[in-house]
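Visitor: I would like to learn how to read the spaces inside a protein model. Could we go through them step by step?

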Amino acid sequence: MERKRETFGSRFAVVMAMAGSAIGLGNIWRFPYMAGEYGGAAFIIVYIAASLILALPIFFAESIIGRRSGLGTFGAMEKLAPGTGWKWVGLLTVLSPIIILSYYSVVGGWSVEYLFKSFEFARMQENEVTGFFGLFISSTWMPILAHTAFLLLVGGVVLGGVRKGIEQFTKITMPILFVLILVIAIYGLSLPGSGKGVEYLVKPDFSKLTPSTVTAAMGQAFFSLSLGVGTILTYASYMKKDENILVSGLGTAGFDLFFAILAGFAVMPAVFAAGIAPGAGPGIVFETLPYIFNKMGAASPLLCTGISFLFFFTILAAALTSAISMMEVGVAFLTEEKEMHRWSAVLLITGFAWIVGVLCSLSFGPLSGVKILGNSIFDFLDKLCSNWLLPLGGLLFTLFVGWKMSPSDVFDEFTNSGTLKANKAVFKTVMLLIRYVAPAGIIAVFISLLV
Ligand code: PHE
């Protein structure tokens, strides 16, 4: 039975929703600490290259599959390659965003907590501020409560549907986010001692380049652009037939890169000004910034509270728009393929992500002794997704578009059935990237991981 499917209302809405998915904790929380851990500018150069050469082709591939089929990942594979094993790829990419959602929501919860904490930073002692993060994440109940609150917010928006929920929310949030991160970056740059942070971000030290830097940079590029897990595919399935796939892909990738670099400039100078090692790990944003805010508090408590609130609000809003896109992949699957009501689909996914998220949250405290292949539950899931599932999904999507779909269908999507003037050279280059360059690059990184 053909059901009428929702679509995004305008090109602006498409780009904002896709950028909303792409821009998130990956940019503000993960990018700065990855850059810090893997050598600053050298990592950033590889990350930019990986975004353009490996990630962007996957973005186009997902857009083509999604819009061509007009279905979520599983249905898309069944429709475009009926009766083949490709549907398992569809299923894999339904499951992986739900796993990401589970641990992502834990960090989203941290930003909820810090939003409230903003009202206290000015009054706290310096050692209280620096010690707070460790105490908080290792405690049992508060992080779980925050994770629950975050997940309920996500579920609430997804329940509203594509137009009224996702589109409305991202259209309002994303422009505000850009202004906020700009303000915060400018503020970060004005801090005394910020020059060292800037230098760290722009002066590459290529001796820091190792295979693990390349793997991490590729994982970061995929994570940041929400690739390999069917989110872009699903959003593209809500795109109207007259949107330009090339333009929306380039637009989203451009916004995402710009935002990550801005976040780097907002965070790294503060890290150096606070005298914290750039490789201090996942807590870096949550440890460093409050320290700076607390210092400001001595001069002006109001400014401290205001900037801190703005900063954590930015993180929370960015995290929400991304988490929404993760949940939507599963919701599209359950409503389209399993004929479930939207609300039961949202409930089911929220429940699953809640349980796994609770385990992730506890892995910083009571369950810190539980190790999977030497990693805590949280780290294991993050590494499993970023280093393996995302690239694997991305690889399979490029192979599907490059080798399984007929080139004329792909060309048809590129040109919106011939209504857009296609530049043959551009098309050829994109196809070259989709067919050869991106798959070869991903396979090379997999091999280096295994060796
Ligand atoms: N791109 C999001 C971020 O940067 C994370 C994400 C990954 C979203 C995978 C959807 C799917 O935070």
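Guide: Let us begin with how residues are sorted: Ala, Val, Leu, Ile, Met, Phe, Trp, Tyr, Cys and Pro count as nonpolar, Asp, Glu, Lys and Arg as charged, and the others, Gly among them, as polar. Please keep in mind that this is a predicted model.

Visitor: How do the residues of the lining of the second largest pocket divide under that scheme?

Guide: That lining holds seven nonpolar, five polar and five charged residues.

Visitor: Which helix gives the most to the lining of the second largest pocket?

Guide: Helix 16 does, with five residues, while helix 2, helix 10, helix 16 (377–404) and helix 18 (424–450) each supply at least two.

Visitor: And how is empty space found in general?

Guide: Rolling a probe the size of a water molecule over the atoms shows where empty space is left. In this model, the largest cavity is the space taken by the ligand. The elements that give two or more residues to the shell around the ligand are helix 1 (11–22), helix 2 (25–37), helix 5 (86–117), helix 10 (211–224) and helix 14 (301–337).

Visitor: How do the residues of the shell around the ligand divide?

Guide: The shell has seven nonpolar and nine polar residues, and no charged ones.

Note on methods: Residues are numbered from 1 along each chain as its sequence is written. This is a predicted model: local features need pLDDT of at least 70, side-chain atom pairs count only at pLDDT 80 or more; totals for chains, interfaces and linings use all residues. Side-chain values use heavy atoms; hydrogens and water are left out. On a 1 Å grid over the protein atoms alone, a cavity is a set of points where a 1.4 Å probe fits but cannot get out, and a pocket is an open set with protein on both sides within 12 Å along at least five of seven lines; lining residues have an atom within 4 Å of a point. A molecule sits in a cavity or pocket if more than half of its atoms lie within 2 Å of its grid points. Helices (H or I, at least four residues) and strands (E, at least two) are DSSP runs, numbered from the N terminus.
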